[in-house]
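Here's a quick tour for anyone meeting this structure for the first time. Take a look at the picture, then read on.

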Amino acid sequence: MEVGPSRTVGAAITLIGVRTRRDVINYALQRRARLAQVRTGLMTAAEACDAHPHLLLAAQNYGSPSPAPCPICRREGVRIVRFIYGDELGQSAGQARSAGEIERMDEAVDAVSVYLVEVCPACSWNHLLESFVIGQGAAQQSAAPRRSRARR
Ligand SMILES: [Zn+2]
């Protein structure tokens, strides 16, 4: 899927050049709900901006810049950090990876889940943006029609 540069957060995420992205889940609705809670005072900004130090570090080291400012403090410099999960990853599961690393990984794995998290280094706002599965493997094959069996 070819996606051109855009100022929206969603389009920034899809710039990742992975060809087999599947099972995409977008968390924009939950994000809007969280921001509305802060706006209406149901939740304090301090409660919403609770990024763990490890998350801030991962965002700094592996994150890519978001084109959108922070929805809480309005500052630029928001990072999008990608975490990978999957049985075949072994001890690497749960680690952050750069966009380039995930693009290269796409060719080499069967099925790895990628979680994209928005992190603001200035105020510690963080929220899950999107998750999807990359890889060449099993999930796609099982979804294809089983022609050999159908003929019998
Ligand atoms: Zn912020």
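Donors are N, O and S atoms within 2.8 Å of the metal (3.2 Å for Na, K and Ca), and since water is not among the atoms, sites may look incomplete. What you see is a predicted model, where local features need pLDDT of at least 70, side-chain atom pairs count only at pLDDT 80 or more, and totals for chains, interfaces and linings use all residues. Residues are numbered from 1 along each chain as its sequence is written, and side-chain values use heavy atoms, with hydrogens and water left out.

Along the sequence, the residues holding the zinc ion follow the spacing C-x2-C-x46-C-x2-C. Cys 73 sits in the loop between β2 (64-65) and β3 (79-85), and Cys 120 in the loop between β5 (112-119) and β6 (126-134), so this pair ties together parts that are 47 residues apart in sequence. (Strands are DSSP runs of E, at least two residues; helices are runs of H or I, at least four; both are numbered from the N terminus.)

Here are the donors:

| Residue | Donor atom | Distance to zinc |
|---|---|---|
| Cys 70 | SG | 2.3 Å |
| Cys 73 | SG | 2.3 Å |
| Cys 120 | SG | 2.3 Å |
| Cys 123 | SG | 2.3 Å |

The four donor atoms subtend angles of 106 to 117° around the zinc ion, which makes the arrangement tetrahedral (all angles between 85 and 135 degrees).

Buried or exposed? Cys 120 counts as buried, at 0% relative accessibility, while Cys 73 is partly exposed at 22%. (Buried means under 20% relative accessible area, exposed over 50%, partly exposed in between, with a 1.4 Å probe and protein chains only.)

Conventions:
Four donors count as tetrahedral if all angles lie between 85 and 135 degrees; four count as square planar and six as octahedral if opposite donors are over 155 degrees apart and all others between 65 and 115; anything else is irregular.
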